[in-house]
Amino acid sequence: MKKFLCILLAAMMVIGCASAMAEEKIKLQIYAQYADDDTKVPYDYAVEKLAEAYPNVELELIPQAQDDGATLLALATAGKLPDIYQTGSGIVTTLRNSKQMMVINDVAEKTGFLEKVYETEKQYMIADDGNMYAFPYAGQEYVLWFVNNALFEQYNVEIPTTYDELIAAAEVFNANGIVPMALFGQEGWISAAMYDAIATRYITAGIKGLDNGATSIEDEAYLKAAEDLVKLAKAGVFQAAVTTTNYDQASEMFLGGKAAMFLNGQWYIEDATKALGDDVTWIAYPSYDEASYEAGKHAFSGGGGSISGYAVNPDSPNAELAAEVAAFISEKYCEAKVTLRNNPLVAVNTGLTNDQLPKMMQDLVAEMPNMTSTTAFTWGLTNTTLANAIGVAGQSLLSGQYEAQEVIDQLTFELGW
Amino acid sequence: MKKYLSNRKAIIVFCLPAIILFCVFIFVPILQVFYYSFFDWDGVNQATFVGLANYKRLLLKDPVFKTANLNGFKFGVVITVYQLVLATIFAIAVSDKRIRFRKFFRTAYFIPVVLSVTVVCQLWGNVLNADNGLLNTLMSRLGINWSQNWLNDRNTAIYTVAFVNAWQWMGYQFALIVAGIKSIGEDFYEAAEIDGATSLKAHWYITLPLLKDTFNFCLLISVTGGIKAFSEIDIMTGGGPGNATYTLTYIMYNYAFGRQKFGYGLTSSAVLVIECLVIILALNWLFKDRENPLFSRRKGVEIV
């Protein structure tokens, strides 16, 4: 009897171990944006598809902090990068020099990812050393100036084309308890984007010119743009708490009909359309006079492309698999963006089309061939000092409490490192 | 006991673990801060020695350095005054047996200390929001035309943030002072009562002088807490508007993690360490047990 029990127990242990091994999944940590519908929907879609294609892989999400890459750098410094992580231009050079970013050339080819990347995006995917470091999913993206037409009509205000008109509109809106323009100035990138949008009226290179050395912060255009932004802030174009307002608060103001205008990337089209329908549209950025408005109508802030997307930690115990998964996830992001977020501006040709694009997106797609210039988002800048300092400078100007010259002097000091 | 204290080996054995832990987690990192402050370093790759370049830039050229020091000073003054004064008054009050609900007040004053900094900052952020915050709305409803841009004014935002810090941590100093008061013997007060001293005079001539060491410690933590302030600033203003609420710690964070300039960030930290050390030495000198202007004047003074 004892022998029988021993054999039975041993057999059960063997079966138990075998089944546990069979069910054991490979866990991969992923540092990804997961904050709003535009980031949650593609991630959830990609995870769902991953479960079908890679049933043995489980993703452990570390939501990306909105801190302009500070957390990622801290993880890199501590040698604790996750298996897969979302990266921007600023940190690529640092991490590839420290060998904490895997060269993905082989995986990009083997998985067929490279073949599917649009030609216009390939130039950004390949770094200056000829290698690829991240699987991109976002295509050319743009900063759009959204307006709530219904509020403009309700208060009988013309859509502004010049700053004088914008200030006049702000007076009317403020008098009626409406925030003229809601901006989430707590975040550096949007503060920089606002400044960049104004700078492009004077110099089409905007902040990208400062990054690639084509322009200098001491060029008069940057001072004039700073003066314009201070003038707008002092005139009450932005909400009082602009520098401590976060995205959720600002977006709620706009989508809730409490703000007449809003600045964000084109990825916001879907949310804006869902909430405001045909009442919302995007306009060409106003300018300092009619002539410059007409001249700069097709000059956009943003775009420009960058080495960004999902990178892989080469020290991961499952680096090769992580790279394959990163490629897969990036491609699925593109699918989700096209089909679920009505955003065809993606890096990878998934073969999927969407003929139900919102009006604003249709307008943007139609505008793209006419675009005369684009600049860059802060995450597309390679100079990390510029990317950070321009956000701080933008916030200073948005507050309306700094003199334009003071801000430019500070920027000159910081960029003269 | 004497036998143990004269046994050097025993002393070494008992002290060594603490000394090792202190060295590994405090002393060595501080040395590293100073070491890397002489380098241009992105935090990840090989550092390049730049000598005193970081110090020259920070101390002599960077305009934000002055702002950061001023902010540290303002922050320190606000929290020291608020916390020490209120904590002392409250501690004396709840130590008085005639006060009712003393236990309730003791707990109530300490509650903010156990809350998370993030929760406290979010709470006060909503109260102080310039557009739709509770405070401005309340004033507006009451017909008081004094709405303020509490967190977005470059000249006053630092005071607002300092107030939030002072509000949260006052309870900690309160607890220290209550403990200090409890350690004062009842016989002092009985003697004072026999001499006809009022309650106020008894506290002035007995409680306050005998709390000297407690005050020294409270001052240390509030003054150094002021110059190295970070969490509340990061959560409530992000150093803004612009760089109006930067402190030395915020410079360190911004340069190290925002710009990949760890060498420069650590230079700021090194200066901060030196400032803290100077303050500690100054306060210890001020509170030294000797004839000094702060506490000696009451010695031998007749109470009545």
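The questions and answers below walk through a predicted model of a complex with chains A and B.

In this predicted model, local features need pLDDT of at least 70, side-chain atom pairs count only at pLDDT 80 or more, and totals for chains, interfaces and linings use all residues. Residues are numbered from 1 along each chain as its sequence is written, while chains are lettered from A and ligands numbered from 1 in the order in which they are written.

Me: What ipTM does the predictor give the complex?
Reply: The predictor gives two scores for the complex. The pTM is 0.88. The ipTM is 0.86.

Me: Where in chain B is confidence lowest, and where is it highest?
Reply: Confidence is given as pLDDT, the predictor's confidence in each residue, from 0 to 100. The mean for chain B is 91, and 94% of its residues reach 70 or more. The lowest mean, 67, belongs to helix 1 (residues 2-5) of chain B, and the highest, 97, to helix 3 (residues 53-61) of chain B. Helices (H or I, at least four residues) and strands (E, at least two) are DSSP runs, numbered from the N terminus.

Me: Which element gives the largest share of the side of chain B that touches chain A?
Reply: Two residues are in contact if their C-beta atoms, placed from the backbone, lie within 7 Å. The contact takes 24 residues from chain B and 27 residues from chain A. The largest share on the chain B side is 4 residues, from helix 13 (residues 248-259) of chain B.

Me: How many residues of the side of chain B that touches chain A are polar?
Reply: Ala, Val, Leu, Ile, Met, Phe, Trp, Tyr, Cys and Pro count as nonpolar, Asp, Glu, Lys and Arg as charged, and the others, Gly among them, as polar. On this side of chain B, 7 residues are nonpolar and 4 are charged. The polar residues number 13.

Me: How far apart are the C-alpha centres of domain 1 and domain 2 of chain A?
Reply: Domain bounds come from an automatic or database domain assignment. That assignment gives domain 1 (24-140 + 306-360) and domain 2 (143-303 + 364-415) of chain A. Across the boundary, 19 residues of domain 1 of chain A are in contact with 25 residues of domain 2 of chain A. The C-alpha centres of domain 1 and domain 2 of chain A lie 28 Å apart.

Me: In what sense do strand 4 and strand 7 of chain A pair?
Reply: Both belong to an open sheet of 4 strands with the order 5-6-4-7 in chain A. A:Val147 stands opposite A:Thr281 in strand 7 of chain A. Over 4 bridges, strand 4 and strand 7 of chain A pair in a sense that is antiparallel.

Me: Is A:Glu141 buried or exposed?
Reply: A residue is buried if 20 or more other C-beta atoms lie within 10 Å of its own, exposed if 12 or fewer, and partly exposed in between, with C-beta atoms placed from the backbone. A:Glu141 lies in the loop between helix 7 (119-125) and strand 4 (143-148) of chain A. Among the residues A:Glu141 touches are A:Trp267 and A:Leu345. Because A:Glu141 has 21 C-beta neighbours inside 10 Å, A:Glu141 counts as buried.

Me: Is A:Asn156 buried or exposed?
Reply: A:Asn156 is found in the loop between helix 8 (149-154) and helix 9 (163-175) of chain A. Its phi is near 55°, a positive value in a residue other than glycine. A:Asn156 has 7 C-beta neighbours inside 10 Å, so A:Asn156 counts as exposed.

Me: Which peptide bond in chain B is cis, with omega near 0°?
Reply: Look at the loop between helix 12 (231-236) and helix 13 of chain B. B:Pro241 lies in that loop. The cis bond runs from B:Gly240 to B:Pro241.

Definitions and conventions:
Two strands pair if DSSP finds at least two bridges between them. Lists of a residue's contacts leave out its neighbours within four places in sequence.
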